[in-house]
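Please look over the sequence and the model before reading on.

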Amino acid sequence: MLEALGPATAAQLARVEHLWRHLLTTYGVYTSAEIAALRGANPGNRAVASNLAKKEGLLGFRRGNARVFPRFEFKGSTVH
């Protein structure tokens with residue numbers, strides 16, 4: 001059985017969603033496939049983005065079924 005969310009929890013979830021939408025509209029995001037293509041790899045190779053996240057400390061978050069990375073973390077195909 002699911003319990004109803006309290007107003008404070010619902011408000012916090014709304015604030016987090018607002019932040020994600022701000023990142024999406026203000027900066028845009030790359031998917032793992034787009035990062036792989038930027039780096040000259042097969043777009044199906046999601047390990048490119050995962051390895052960059054571990055090695056370079058990229059910040060990523062989930063939207064739907066995809067892990068996305070804010071575009072401001074890149075300058076061209078390199079992480080800055």
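This is a predicted model: local features need pLDDT of at least 70, side-chain atom pairs count only at pLDDT 80 or more; totals for chains, interfaces and linings use all residues.

Q: What is the geometry of the pair formed by the rings of Trp 20 and Phe 61?
A: The centres of the two rings, Trp 20 and Phe 61, are 4.3 Å apart. Their planes meet at 10 degrees, so the pair is stacked.

Q: How many residues apart are Trp 20 and Phe 61, the partners of this pair?
A: Helices (H or I, at least four residues) and strands (E, at least two) are DSSP runs, numbered from the N terminus. Trp 20 lies in helix H1 (residues 7–26) and Phe 61 in strand E2 (residues 61–63). The pair thus links distant parts of the chain, and the separation is 41 residues.

Q: Is Phe 61 buried or exposed?
A: Buried means under 20% relative accessible area, exposed over 50%, and partly exposed in between (1.4 Å probe, protein chains only). Trp 20, at 26% relative accessibility, counts as partly exposed. Phe 61 has a relative accessible area of 6%, so this residue is buried.

Q: Which kind of aromatic pair do Tyr 30 and Phe 74 form?
A: The rings of Tyr 30 and Phe 74 are 5.4 Å apart, centre to centre. With 85 degrees between the planes, the pair of Tyr 30 and Phe 74 is edge-to-face.

Q: How many residues apart in sequence are the parts that Tyr 30 and Phe 74 tie together?
A: Tyr 30 lies in strand E1 (residues 29–31), whereas Phe 74 lies in strand E4 (residues 74–75). Tyr 30 counts as buried at 15% relative accessibility, and Phe 74 counts as buried at 8%. Because the two residues sit in these two strands, the pair ties together parts of the chain whose separation in sequence is 44 residues.

Q: Which residues is Ser 32 in contact with, leaving aside its neighbours within four places in sequence?
A: Ser 32 lies in helix H2 (residues 32–38) and is buried, with a relative accessible area of 10%. Contact means heavy atoms within 4.5 Å. With those neighbours left aside, the contacts of Ser 32 are Arg 46, Ala 49, Arg 67 and Phe 69.

Q: Which residues is Glu 34 in contact with, leaving aside its neighbours within four places in sequence?
A: Glu 34 also lies in helix H2 and is partly exposed, with a relative accessible area of 33%. With neighbours within four places left aside, the contacts of Glu 34 are Val 29 and Arg 71.

Q: In what order do the elements of the chain run from the N terminus on?
A: The secondary structure of the chain comes to three helices and five strands. Taken from the N terminus on, these elements run α-β-α-α-β-β-β-β.

Note on methods:
Residues are numbered from 1 along each chain as its sequence is written. Side-chain values use heavy atoms; hydrogens and water are left out. Rings of Phe, Tyr and Trp (its six-membered ring) pair if their centres lie within 6.5 Å; planes under 30 degrees apart count as stacked, over 60 as edge-to-face and the rest as tilted.
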